Amino acid sequence: MGFTQVYDYVAGKLDWLAAGGPIEGSGAGHPRAGEVARADVPTCGLDERLGQVQDRVRAAGWDACVVVNQERVVLGLLRAKELEGDPASRIEAAMRPGPSTFRPHVPIAEMAHHLVDHDVDNAPITTSDGRLVGLLRRDDALHTAHRLHEAEGDAT
């Protein structure tokens with residue numbers, strides 16, 4: 001039939017999308033959360049001290065840090081408010097445990113609406129097994145969704 005790349009993905013289509021696998025079809029060209037999320041987001045572990053993490057996060061130009069385990073599974077999130085805490089605190093005590101996460105295949109326009117509607121500055125993007133893909137910043141989502149909207153308007 002002429003297919004050059006064929007996958008036998010037993011877990012199913014939704015899991016394939018959630019894992020960030022390539023897609024085809026009419027929606028393939030539209031940006032998705034996993035493409036816009038920033039993979040360079042600082043990460044930290046439960047046993048670190050907030051003071052160490054504060055310095056690292058600021059030096060990297062961020063106002064958030066994702067708490068992960070050794071397999072990069074998301075355990076928590078430190079947003080700006082938590083990063084202002086006592087430097088002697090352990091991350092486990094300072095973090096927001098179990099943050100809402102989103103899959104890489106979620107359309108960027110949907111993510112932009114969610115972040116605005118819930119007044120959230122960022123959201124972790126993870127695979128279906130909870131591994132960090134990156135952190136999606138609201139400004140990045142809005143900018144990308146706006147560009148997409150303008151491009152679709154030009155096409156009609």
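In which sense do strand 1 and strand 2 pair, and over how many bridges? Parallel, over 2 bridges. Before I go on: this is a predicted model.

Strand 2 covers residues 65-68. Look at Thr43: the bridge partner in strand 2 is Val66. As a reminder, strands of a sheet pair through backbone hydrogen bonds, parallel or antiparallel.

Now the antiparallel case. Strand 5, residues 122-126, pairs with strand 6 in that sense, over 5 bridges. Pro124 faces Leu135 of strand 6. The two strands make a hairpin, with 5 residues between them. Check Gly130 in the turn: its phi is positive, about 85°.

On to the interior. In soluble globular proteins, nonpolar side chains tend to be buried together. Here the largest nonpolar core has 20 residues. Which residues have the most contacts inside it? They are Cys44, Val53, Val66, Leu78, Ile91 and Leu135. Several elements supply at least two core residues each: helix 3 (50-59), strand 2, strand 3 (74-78), helix 5 (91-94) and strand 6 (132-137). Strand 2 gives the largest share, 4 residues.

Take Cys44 as a way in. Setting aside neighbours within four places in sequence, Cys44 contacts Val53, Arg56, Cys65, Val66, Val67, Val68, Leu78 and Ile91.

Next, Thr144. Is Thr144 buried or exposed? Buried, because its relative accessibility is 10%, and the cut-off for buried is under 20%. Thr144 is in helix 7, residues 138-155. Beyond residues up to four places away in sequence, Thr144 touches Pro31, Val36 and Ile108.

Last, the rings. How many aromatic pairs does the count give? The count comes to 0. There is a charge over a ring, though. The charged end of Arg137 sits over the ring of Trp62, 3.8 Å from the ring centre.

To recap. Strands 1 and 2 pair parallel; strands 5 and 6 pair antiparallel. Thr144 is buried, and Arg137 sits over Trp62.

Definitions and conventions: Residues numbered from 1 in each chain as written. Predicted model: local features only at pLDDT ≥ 70, side-chain atom pairs only at ≥ 80, totals over all residues. Heavy atoms only, no water. Buried < 20%, exposed > 50% of the residue type's maximum accessible area, 1.4 Å probe, protein only. Contact = heavy atoms within 4.5 Å. Pairing = 2+ DSSP bridges. Phe/Tyr/Trp six-rings, centres within 6.5 Å; stacked < 30°, edge-to-face > 60°. Lys NZ or Arg CZ within 6 Å of the ring centre and 35° of its normal. Core = buried A, V, L, I, M, F, W, Y, C linked by side-chain atoms within 4.5 Å.
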